[in-house]
Amino acid sequence: MDSIKQDIKSMYLEELESKLTEDGYEKYRAAQIYKWLKKGVKNFSYMHNISKKLSAYLDNNYYISVLNIEKKLKSEYDDTVKYLFRLYDDKYVEAVVMKYKHGYSMCISTQVGCKMNCSFCATGKQGFGRNLTAGEMLTQIQVAQNDLEIRISNVVLMGMGEPLDNYDNVVRFLKLASSEYALGIGMRHISLSTCGLSDKIYSLADLKLQLTLSVSLHAPNDKIRNEIMPINKKYNVSSLIKACKYYIKKTNRRISFEYTMIEGVNDTVSCAKELSRLLSGMICHVNLIPVNQIKDTEYIRSSNKKIQQFIDELAKHNIVATKRRTLGSDIDASCGQLRQKFYEEKK
């Protein structure tokens, strides 16, 4: 992609209005352009209610984020749909659409690959490619909506990548997604998952966005967390919890702590007791996730009995915990797995 051109889907309406008027075009043209972008057009020439002169101007200065569906899998069990999207530079990202009683949720990617290298994550094993633009994040949703002929009502930034490692583009996406001229998805219907970049949690808190913050904790202490999450060596458990408390204070929003249950690693009653002390007094919820068994690790998911014991121990200390419902198990719906298989098949 020509680096001089700007991703037009990543621009706020006000920014495009300002740029158009500065270059001699009517301000209202920006709203017309965004209506076409919302429909998912791939080329400025398709915008038939703008002049050829304006179309040429846009083509010279901007590009439209386009994603192609490289692979699509649909679960036979629960209608979950997994996408492998090909980007303009032949890099690939994954996204998942999940059907619930309240509507459709979509888990999208924020980066090609990931730098965090969590030991239980398939994406982390594949290394880091690049950040996605806000427009590329929006486009994942638009492509899925058009392909499935549905409306996505909830968005989860929990696909490939660490959202807060792509902070500026992600914040821009959040503001765009919640605007009526882009997706019109309310901030309270958007969740952002982070492995714990404490400094960026402070920055996000100061914006006072009313999204749901999910923090991938996965261990109650530094000893265990250092072993499974390298990021803990930079932002330890204490600093992370301090940042989370700041987030709750600034936003008055409950935090969801993600906790992957790994047999013999972090799933003991002792770990549950330690976690209870760590989260005491916080407005939070604990989401227990049986670990996905991926290549190159010997991790085994905790038994249902151990998960229930963990839940019961947390309940004794007034901490609500639930086991995450598994969706799309027959199509490797967890992040990174489809992309890895695709690369292996290409070899």
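A salt bridge, defined as a side-chain nitrogen of Lys or Arg within 4 Å of a carboxyl oxygen of Asp or Glu, is formed between D165 and K115, whose closest N and O atoms are 3.4 Å apart. This pair links distant parts of the chain, 50 residues apart: D165 lies in the loop between β9 (152-157) and α5 (167-177), and K115 in the loop between β7 (111-113) and β8 (128-131). Helices (H or I, at least four residues) and strands (E, at least two) are DSSP runs, numbered from the N terminus. Relative accessible area was computed with a 1.4 Å probe on protein chains only, with buried meaning under 20%, exposed over 50%, and partly exposed in between. On this scale D165, at 22%, is partly exposed, and K115 is likewise partly exposed, at 47%.

The structure is a predicted model, in which local features need pLDDT of at least 70 and side-chain atom pairs count only at pLDDT 80 or more, whereas totals for chains, interfaces and linings use all residues. Residues are numbered from 1 along each chain as its sequence is written, and side-chain values use heavy atoms, with hydrogens and water left out.

In total, the structure holds 18 salt bridges. One of them joins the side chains of E263 and K306, with an N to O distance of 3.2 Å. Because E263 is placed in the loop between β12 (255-261) and α9 (269-279) and K306 in helix α10 (residues 304-316), this contact ties together parts that are 43 residues apart in sequence. E263 is partly exposed, with a relative accessible area of 35%, and K306 is partly exposed at 24%. A further salt bridge connects R29 with E26 at 3.4 Å, N to O. In this pair R29 is buried, at 15% relative accessibility, while E26 is partly exposed, at 39%.

Two strands are taken to pair if DSSP finds at least two bridges between them. Strand β4 (residues 81-86) runs antiparallel to β5 and is joined to it by six bridges; within this pairing, Y83 stands opposite A95 of β5. The two strands form a hairpin with five residues between them, and D90 in the turn has a positive phi of about 65 degrees. On the other pairing, β5 is joined to strand β6 (residues 103-108) by five bridges, again in an antiparallel arrangement. Here Y100 stands opposite G103 of β6, and the hairpin formed by β5 and β6 has two residues between the strands. In a regular strand the side chains alternate between the two faces of the sheet.

Cysteine pairing was examined with a disulfide defined as a pair of cysteine sulfur atoms within 2.5 Å. By this rule the count is zero. C244 is in no disulfide, and the nearest cysteine sulfur, that of C284, is 9.2 Å away. C244 is buried, at 0% relative accessibility. C107 is also buried, with a relative accessible area of 13%.

Grid points are joined across faces, edges and corners, and a volume is the space filled by probe spheres set on the points. The structure holds one cavity of 30 Å³ or more, and about 60 Å³ of space lies in the largest cavity. Its lining consists of K9, Y34, L37, K38, L138, Q142, L176, Y181 and A182. Helices α2 (29-39) and α4 (134-148) each supply at least two of the lining residues, and α2 gives the most, with three. By class, the lining has six nonpolar, one polar and two charged residues, where Ala, Val, Leu, Ile, Met, Phe, Trp, Tyr, Cys and Pro count as nonpolar, Asp, Glu, Lys and Arg as charged, and the others, Gly among them, as polar.

Finally, K71 is found in strand β3 (residues 68-74) and is partly exposed, with a relative accessible area of 26%. K71 and Y247 are 176 residues apart in sequence and 38 Å apart in space, C-alpha to C-alpha.

How values were computed. On a 1 Å grid over the protein atoms alone, a cavity is a set of points where a 1.4 Å probe fits but cannot get out, and a pocket is an open set with protein on both sides within 12 Å along at least five of seven lines; lining residues have an atom within 4 Å of a point.
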